[in-house]
Amino acid sequence: MPMNRVQFQTGLSLPDFLAQFGTEAQCESAVEQARWPEGFRCPDCGHAHAYILKGSKHKTFQCQACRKQTSLIAGTLFQGTHLELTLWFLAIYLISQAKTGLSALALKRLLGVSYPTAWLLQHKLMQAMCERDSAYTLVGDIQVDDVYLGGELTGGTAGRGSENKVPFVAAVSLTPEGHPQYAKMAPVPGFTRKAIANWAASDLTPGCRVTSDGLGCFAGVTDAGCQHSPIVVGALKPRDLPQFAWVNTVLGNLKTSFGGAYHAFDFAKYGTRYLSTFAYRFNRRFDLDTIQNRLLVAAVTIGPRPQRWLRAAEESC
């Protein structure tokens, strides 16, 4: 049996990670490089030269031209944190490398922090993943499917009308050779033509070729300028439908990931983040040695995301 090149890629080992980011100075240097790849620039006047001020917990720059003081972590996801950057970097490494996901409870144990702190770290980094991927759209040949998060509540409505079920759309783009390339997953208000049209306008590139089952709402992709090829499934099983092989495979991996990592979460409020986190890792599955650096870049460019905002934002991506 041939070796799977995703599973057997080298990646970044934990000893190598600790050798690169095991001290606060190393982490500060990495944040500075990610924030200003070509060297410091004053956020007010754009001047390239600054004095380094001592005495604060994190490195602080004072612009030589306008005297504006800028903390290394100001304006980043780390703004206002009381944690060492080494803990943040370890969280970035653990969350980005966890193929099947990582719960806040598991992160709490690994980092040695409180559960509320672990939850906040997790959701801030998940939000960075979510917003990073929201800038991209799928192109080419795309398989889509209608799915639900959550199961039926005891004593509640059965089937698709269950109060605990949140509808979402899963889409996988294919290479010209027919292999899976990128994925997008997003909750929708319901499986209506308008909802699918709005989703397609956000996540798909006009002109792409969408293959779906015969659910009528998927015709909405044409309202966003996409081509549509519906296939009536009837009583056929997923294994009998090669046209949907890859989207079904990705959804199987999603189910395994959620089942193995999370006991429960608020599907309606935080579903977007959890789905986007899975897609973020899937879309970078061939680059495990650099995925943590790419998440660091996302973290320093996203801006502050305080706890109140994270808990209040139901549509945050």
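Guide: Two strands pair if DSSP finds at least two bridges between them. The model discussed here is predicted.

Visitor: What makes β4 and β5 a pair?

Guide: Strand β4 (residues 141-149) and strand β5 (residues 166-174) share 9 bridges, in the antiparallel sense. The cut-off is at least two bridges, so β4 and β5 count as paired.

Visitor: Which residue of β5 is the bridge partner of Ile 142?

Guide: Ser 173 is the bridge partner of Ile 142.

Visitor: Where do β4 and β5 sit in the sheet?

Guide: The open sheet has 5 strands in the order β6-β5-β4-β7-β8, with mixed pairing.

Visitor: Why are β6 and β8 called edge strands?

Guide: β6 (180-187) and β8 (227-231) each pair on one side only, and that makes them the edge strands. From one strand to the next, the twist averages 25 degrees.

Visitor: Which residues make the contact?

Guide: α3 contributes Phe 89, Ile 92, Tyr 93, Ser 96 and Gln 97, while α9 contributes Ile 291, Gln 292, Leu 295 and Leu 296.

Visitor: How many residues of each class does the contact of α3 with α9 have?

Guide: The contact has 6 nonpolar residues, 3 polar ones and no charged residues.

Conventions:
Residues are numbered from 1 along each chain as its sequence is written. This is a predicted model: local features need pLDDT of at least 70, side-chain atom pairs count only at pLDDT 80 or more; totals for chains, interfaces and linings use all residues. Side-chain values use heavy atoms; hydrogens and water are left out. Contact means heavy atoms within 4.5 Å. Helices (H or I, at least four residues) and strands (E, at least two) are DSSP runs, numbered from the N terminus. Ala, Val, Leu, Ile, Met, Phe, Trp, Tyr, Cys and Pro count as nonpolar, Asp, Glu, Lys and Arg as charged, and the others, Gly among them, as polar. Axes are lines fitted to C-alpha atoms, for helices over the stretch in contact, and angles run from 0 to 180 degrees between N-to-C directions.
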